[in-house]
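Thank you all for making the time. I would like to walk you through a few features of one model, and I will give the cut-offs as we go.

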Amino acid sequence: GYPVYIERYAKTDIDLLLKTFTNDQLKSYYTNSYEQMIHCIWPECSRAVGRRIDRTVTILDVKGFGVMRMTKSDTRAFLNMATQVAQDYYPECQGKMFIINTGMTFSALWAIVKLWLDEKTRKKITVLGSKYMKELSKYVDPVNLPKSMGGENSKEVYQANGPWTEYVAKCN
């Protein structure tokens, strides 16, 4: 019953993002996204499954997102800001997070990055390589994952797929 949020960093032009938007605008975007989730998406998910839904499953696909990109100060600042919004203002929203398609050097970098996170947040995050489906399918039915990620759903990551779609359009 939990909604699944998927973000593919390989498809994100962080340089363009950071040139186009100020830190305050990005922070506002993340805050608005959480508010929409709490006030629009979760109520619809709750109605659909007949119980309270108040967490998400997040999948961050870092395939093609080079480690060198992650070591740049602007990228670290961006990721730190997004993490701070989640951790400081919406700490109980995260049910489980999977970071998939990680390379070998990501593990070394993860050992440093996770130090910025509090222990409760750290325990919610699972880092997986390219063979993630077995572990991921314990939490997310493959029918809800796009085919491009090894799932069975014909919709792509950017296409809304859930009982909240119409209600979110009304909220907007």
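Predicted model: local features only at pLDDT ≥ 70, side-chain atom pairs only at ≥ 80, totals over all residues.

Let me begin with helix α5, residues 104-113, in which Phe 106, Leu 109 and Trp 110 are buried, where buried means under 20% relative accessible area and exposed means over 50%, with a 1.4 Å probe and protein chains only. Seen down the axis of α5, these buried residues fall within an arc of 110 degrees, so they line one face of the helix. The face of α5 turned away from that buried side carries Met 104, Thr 105, Ala 108 and Ile 112, which are exposed.

Residues are numbered from 1 along each chain as its sequence is written, and side-chain values use heavy atoms, with hydrogens and water left out.

Turning to a helix pair, α2 (residues 23-49) and α4 (residues 73-89) pack at an angle of about 40 degrees, with their axes 10 Å apart. On the α2 side the contact, meaning heavy atoms within 4.5 Å, involves residues including Leu 26, Tyr 30 and Tyr 34, and on the α4 side residues including Phe 78, Met 81 and Val 85.

Finally, Thr 56 lies in strand β2, residues 56-61, and is buried, with a relative accessible area of 6%. Leaving aside neighbours within four places in sequence, Thr 56 is in contact with Pro 3, Met 37, Trp 42, Cys 93, Gln 94, Gly 95 and Lys 96.

Technical notes: Axes fitted to C-alpha atoms, helices over the stretch in contact; angles between N-to-C directions. Helix = DSSP H or I, 4+ residues; strand = E, 2+ residues; numbered from the N terminus. Arc of directions from axis to C-beta.
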